[in-house]
Amino acid sequence: MNGKRLNLALQGGGSHGAYSWGVLDRLLEEEDVELHGVSGTSAGAMNAIVLANGYRAGGRQGAKVALDRFWREVNALGCIYSPFKSTPFDAWMQSWNIDSTVSYQVFEIMVRIFSPYQYNPFNLNPLRSLLAEQIDWKRINAGGAVSVFITATSVRTGRPRVFRCHEVTADAVLASACIPFYFQTVDVDNEPYWDGGYMGNPSIWPLIYYTELKDILLVQINPLSRDETPMQANEIINRMNEITFNSSLIAEMRAIDFVSRLIDENRLDEKKYKRINMHMIPAPSLEYHLNASSKLNTDMAFLEFLHDKGWAAADAWIKEHKDAIGVSGSIDIAETFLGRHRTTTTPSRVEDTFRVGKRAAS
């Protein structure tokens, strides 16, 4: 294919992953944009695995159908299992946040007192049956179009683990989405894991290390900055989570920016080190005043709202930046992620990460 080739990095964020569904839906309509590798965490991991499974089975249209089916089933499961329902007042106010509901407030208190080992002793997770129904794991493990990289965090070591195509299982995907307040740890190869967002939301380095492409489009879910100082307890927790889940991403952006500057200054040979062209579709949270509670809202109207906003954001990005694919990045990393403060990352660590000629993705 002679079109534009693009790697994707999909952040996690519960129901906000429907925003990435909309982005993917639009990208799949662009015939001359080829999706190559996809790195995802939590909801981003779900989108990545559904995208790859559908694409390998039925091409672009197969991927679109698979993503639509997955998110509609998320809504159906929410109707059955979720205790969080929007109130008529929320609908009247056109708010997708559910922190004003009694059920959400009770749940937030409960998870601060009891662990999922206590309030969910049988370790029930409806997403397991959903993945079993919709994903052909042999197809995923065999590799092919749309390589996937799924990140989870080792509870024992605190390090990230990236599962590649041949390693991905339902347990790996569920581990990537395992918020420790909500779910018991997920064991993979006798190792307990929590949500991958703690150490990679998402991990960028597999796209650098295991693929030959230079262009990476980040679909952001968690905003980097907020103007308001959080005052309420739920606002403080929300902002702490955003900072935590962006910290590893900022570190990787710092390394990418550092290598790019060394190449610009002719201090690194571009034939040996990869210049990364970073692109980004920004998070919807700030524009639509969404807080952490909305990440548990599985109302179909909300999921479709996010899908439509993601589709529109991707459409705008394609119209403005598609021609930059393969040529240059479309965001200023230093300004967006570093506040223009330059990195002091040591060259030895960066050289190990960005040396060209590593293994291609399975």
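Colleague: Where in this predicted model is D189 found?

Modeller: D189 is found in the loop between β5 (residues 186-188) and β6. Its backbone deserves attention: phi of D189 is near 55°, a positive value in a residue other than glycine.

Colleague: Which value does phi take in N190, and where is N190 found?

Modeller: N190 has a positive phi of about 65°, although it is not a glycine. N190 is found in the loop between β5 and β6, and at 77% relative accessibility it counts as exposed.

Colleague: Let us turn to peptide bonds. Which form, cis or trans, does the bond from N201 to P202 take?

Modeller: That bond is read from omega: from N201 to P202 it is near -10°, and the peptide bond is cis. P202 is found in the loop between β6 (191-195) and α9 (205-209).

Colleague: Another proline interests me. What does P180 contact beyond its neighbours within four places in sequence?

Modeller: P180 is in contact with P116, W194 and Y198 when those neighbours are left aside. P180 is found in the loop between α8 (170-176) and β5.

Colleague: How far apart are the C-alpha atoms of D68 and I276?

Modeller: They are separated by 31 Å, and the two residues are 208 apart along the chain. D68 has its place in helix α2; with a relative accessible area of 27%, D68 is partly exposed.

Colleague: How should I read a helix, taking α1 as the case?

Modeller: An α-helix has 3.6 residues a turn, so residues three or four places apart point the same way. Helix α1 covers residues 17-29, and its 13 residues reach 19 Å from the first C-alpha to the last, close to the 18 Å expected at 1.5 Å a residue.

Colleague: How many residues of α1 are buried, and against what do they pack?

Modeller: Twelve of the 13 residues are buried, and α1 is mostly covered. Among the buried residues are Y19, W21, D25 and R26. The partners of the buried residues of α1 are the strands β1 (4-10), β2 (33-40), β7 (215-219) and β8 (277-281), together with the helices α2 (43-81) and α11 (300-321).

Colleague: Which numbers describe the whole protein?

Modeller: The protein contains 13 helices and eight strands. Its radius of gyration is 20 Å, close to the 21 Å that the globule rule gives for 362 residues, so the protein is as compact as a globular protein of that length. Along its principal axes the C-alpha trace spans about 60 × 45 × 45 Å. Buried residues make up 52% of the 362. Among contacts between residues at least 6 apart in sequence, 78% join residues at least 24 apart.

Colleague: What remains to be said of the surface and the charges?

Modeller: The protein exposes about 16,500 Å², of which carbon and sulfur atoms supply 54%. There are 37 positive and 42 negative charges, and their mean positions lie 6 Å apart.

Technical notes. Residues are numbered from 1 along each chain as its sequence is written. This is a predicted model: local features need pLDDT of at least 70, side-chain atom pairs count only at pLDDT 80 or more; totals for chains, interfaces and linings use all residues. Side-chain values use heavy atoms; hydrogens and water are left out. Helices (H or I, at least four residues) and strands (E, at least two) are DSSP runs, numbered from the N terminus. The radius of gyration is taken over C-alpha atoms; the globule rule is 2.2 Å times the number of residues to the power 0.38. Buried means under 20% relative accessible area, exposed over 50%, partly exposed in between (1.4 Å probe, protein chains only). Contact means heavy atoms within 4.5 Å. Accessible areas come from the Shrake-Rupley method with a 1.4 Å probe; for residues, only the protein chains shown count as cover. Lys and Arg count as positive and Asp and Glu as negative; His and the chain ends are not counted. The place of a charge is taken as NZ of Lys, CZ of Arg, CG of Asp or CD of Glu. The expected span of a helix is 1.5 Å times one less than its number of residues.
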